[in-house]
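Hello,

Here is the structure I said I would pass on. Have a look at it, and then read my notes below.

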Amino acid sequence: MNYIPGTASLIEDIDKKHLVLLRDGRTLIGYLRSIDQFANLVLHQTVERIHVGKKYGDIPRGIFVVRGENVVLLGEIDLEKESNTQLLQVSIEEILEEQRLE
């Protein structure tokens, strides 16, 4: 396999599920649909995941455009290992209340 420099190397990751950590601390999970030379991303079926202790909640966000300068980390999610977690999924209302109390 040949080395492809820069964001062009992410072309192979199109249509795969990714986790994106943003500069403001938010975590997004969605399917990578597009990327450009500035690392601007388009995510589809996106959820914003909020973690508090051993609980998490997902807020549906739909199609999400992320400016490249706000991306801290981008990683593909292993779909086989995704469901094998020690965390407890709770409702949006419950996780938002937990976050507020923290």
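**What I found**

Alanine 39 is partly exposed, with a relative accessible area of 22%; by the cut-offs used here, buried means under 20% relative accessible area, exposed over 50%, and partly exposed in between (1.4 Å probe, protein chains only). Alanine 39 also has a positive phi of about 65° although it is not a glycine. You will find alanine 39 in the loop between strand E2 (27-35) and strand E3 (41-52).

Before going on, a word on the ground rules. This is a predicted model, in which local features need pLDDT of at least 70, side-chain atom pairs count only at pLDDT 80 or more, and totals for chains, interfaces and linings use all residues. Residues are numbered from 1 along each chain as its sequence is written, and side-chain values use heavy atoms, with hydrogens and water left out.

**Overall picture**

The protein has two helices and six strands, in the order β-β-β-β-β-α-β-α along the sequence. Helices (H or I, at least four residues) and strands (E, at least two) are DSSP runs, numbered from the N terminus. The C-alpha atoms fill a box of roughly 45 × 30 × 20 Å along the principal axes. Of the 102 residues, 29% count as buried. The protein exposes about 7,000 Å², and carbon and sulfur atoms supply 52% of that area; accessible areas come from the Shrake-Rupley method with a 1.4 Å probe, and for residues only the protein chains shown count as cover.

If we take contact to mean heavy atoms within 4.5 Å, then among contacts between residues at least 6 apart in sequence, 46% join residues at least 24 apart.

**The sheet**

- E1 and E2 run antiparallel and are joined by five bridges. Histidine 18 has glycine 30 in E2 as its bridge partner. In the hairpin of E1 and E2, with four residues between the strands, glycine 25 takes a positive phi near 95°.
- E2 and E3 are antiparallel over seven bridges, and leucine 28 has glutamate 48 in E3 as its bridge partner. These strands form a hairpin with five residues between them, and alanine 39 is in the turn.
- E4 and E6 run parallel, joined by two bridges. Lysine 55 stands opposite leucine 88 in E6.

**The nonpolar cores**

In soluble globular proteins, nonpolar side chains tend to be buried together. A nonpolar core here is a set of buried Ala, Val, Leu, Ile, Met, Phe, Trp, Tyr and Cys residues joined through side-chain atoms within 4.5 Å. The largest has ten residues: Leu10, Val20, Leu22, Leu28, Leu32, Ile35, Leu41, Leu43, Phe64 and Val66. Two or more residues of this core come from each of E1, E2, E3 and strand E4 (55-66), and E2 gives the largest share, three residues. A second, separate core of five residues includes Ile50, Val52, Val90 and Ile95.

Leucine 41 has contacts that include Val20, Leu32, Ile35, Phe64 and Val66, leaving out residues up to four places away in sequence.

**A few residues to look at**

Is threonine 46 buried or exposed? Threonine 46, found in strand E3, counts as buried at 2% relative accessibility. Beyond its neighbours within four places in sequence, the contacts of threonine 46 include Leu28, Gly30, Pro60 and Phe64.

Glutamate 76 lies in strand E5 (residues 71-76) and is partly exposed at 47% relative accessibility. The C-alpha atoms of glutamate 76 and histidine 18 are separated by 4.3 Å, although the two are 58 residues apart along the chain.

Aspartate 15, in the segment before strand E1 (17-22), is a residue other than glycine with a positive phi, near 70°. Aspartate 15 counts as partly exposed at 48% relative accessibility.

Best wishes

Terms used. Two strands pair if DSSP finds at least two bridges between them.
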